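Here are my notes on this one, as numbered points. Have the model open while you read.

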Amino acid sequence: MSDQAENLRNFIEEHEYSPSSKTIAVISGKGGVGKSNVSLNFAINLAKRGKRVLLFDMDIGMGNIDILFGYHSPNSIMDFFYGNLTIRETISSGPENISIIAGGTGLTNLFSLDGELFNRFIEQFNELHHEYDLILFDMGAGINEDTAKLLLCVDELIVITTPEPTSITDAYSVMKYINSVSPDIPFHLICNRIVEEQQGKETMNRLQNVMRKFLQKEIIPLGYLPDDQTVMQAVSKQIPFILYNPSAKVSKALSDITSRYLNHSFSEKIMFRKSHFLGNLKKFFLGG
């Protein structure tokens with residue numbers, strides 16, 4: 001086992017500073033805020049802007065990314081860990097040519113895998129890491145000891161909340177925890193299901209102010225999405241809303257958010273960390 005760990009350290013060190021994709025985890029403090037729907041449509045928007053995107057459904061056992069666009073993935077990450085497939089063979093093609101890895105069922109903790117299997121994951125993931133511009137991890141709601149390890153490895157986080165007080169409180173709790181362990185990781189914020197623009201502004205300001213006051217942390221407000229009936233209509237037809245009705249208010253709002261993200265149109269002064277996903281895996285999995 002020690003030889004495997006040493007080999008893995010050497011492998012990661014060799015690849016840590018090579019050009020690779022940006023990794024982003026999309027999270028929420030509670031379920032029911034529309035996180036997966038935002039993740040999928042955001043990924044599609046990024047692809048429409050010419051980005052090579054991989055969307056990794058990490059809501060293991062309850063993943064629904066493929067269902068949202070009316071497709072049942074024949075393979076999942078489970079077929080890599082417990083079958084004979086390569087990671088590449090678990091990838092399905094999604095709308096606008098985005099790539100998707102379904103979550104499957106039964107996986108409890110990626111980081112408790114034995115050294116040989118985890119080494120295989122790192123080696124194969126590294127190949128994908130150089131084929132995409134952006135890798136999005138659609139995480140399950142909330143946070144636990146298992147998912148925290150992955151969250152601390154990514155380059156950036158996008159937090160989805162709604163104007164509901166419980167959603168705001170839970171979003172703050174998640175950011176507070178992650179910031180306590182990794183204070184240099186950038187947070188982006190999207191407020192979903194607003195009834196009016198002022199409600200979105202107030203939600204953003206509330207979270208910004210509490211993060212500054214108690215954690216001395218800046219967060220980047222990407223924008224807000226209206227509570228648009230188009231979303232429910234699109235979900236019922238299993239068509240991403242950005243494709244179902246591109247002229248809908250929610251679609252236009254998400255397009256604005258995508259532009260703001262890609263253009264770094266931020267008034268906030270944010271220091272983006274330069275660490276890479278594989279290097280962070282070494283740090284949190286191997287303690288190196």
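1. Let's start with Asn192, which sits in strand β7 (residues 187–194); helices (H or I, at least four residues) and strands (E, at least two) are DSSP runs, numbered from the N terminus. Asn192 is buried at 7% relative accessible area, where buried means under 20%, exposed over 50% and partly exposed in between (1.4 Å probe, protein chains only). Setting aside neighbours within four places in sequence, Asn192 has contacts that include Val33, Gly34, Val38, Thr161 and Leu225, a contact being heavy atoms within 4.5 Å.

2. A word on provenance: this is a predicted model, so local features need pLDDT of at least 70 and side-chain atom pairs count only at pLDDT 80 or more, while totals for chains, interfaces and linings use all residues. Residues are numbered from 1 along each chain as its sequence is written, and side-chain values use heavy atoms, with hydrogens and water left out.

3. On to the salt bridges, seven of which the structure holds; each is a side-chain nitrogen of Lys or Arg within 4 Å of a carboxyl oxygen of Asp or Glu. Lys22 and Glu156 make one of them, at 3.1 Å from N to O. Lys22 belongs to strand β1 (residues 22–28) and Glu156 to strand β6 (residues 156–161), so the pair ties together parts 134 residues apart in sequence. Lys22 is partly exposed at 25%, whereas Glu156 is buried at 4%.

4. Lys35 and Asp138 also pair up, with their closest N and O atoms 3.0 Å apart.

5. Helix α2 itself (residues 35–48) has 14 residues and spans 20 Å from first C-alpha to last, close to the expected 20 Å; the expected span is 1.5 Å times one less than the number of residues. Since 13 of its 14 residues are buried, α2 is largely enclosed by the rest of the structure. Gly50 follows α2 with a positive phi, near 95°.

6. Glu197 and Lys201 form a salt bridge at 3.5 Å, N to O. They are four residues apart in helix α8, which separates them by about one helical turn. Glu197 is partly exposed at 46%, as is Lys201 at 36%. Elsewhere, salt bridges with shared partners join Arg88, Glu127 and Glu131 into one network.

7. Which side of α7 is buried, and which is exposed? Helix α7 (residues 165–181) has buried residues including Ile168, Ala171, Val174, Met175 and Ile178.

8. Two backbone angles deserve a look. Most residues other than glycine have a negative phi. Asn97, in the loop between β3 (91–93) and β4 (99–101), has a positive phi near 65° and is exposed at 64%. Gln216, in the loop between α8 (197–215) and β8 (220–226), has a positive phi of about 50° and is exposed at 62%.

9. Finally, Arg260 in helix α11 (residues 249–263) is buried, at 19%. The C-alpha atoms of Arg260 and Pro221 are 9.7 Å apart, with the two residues 39 apart along the chain.
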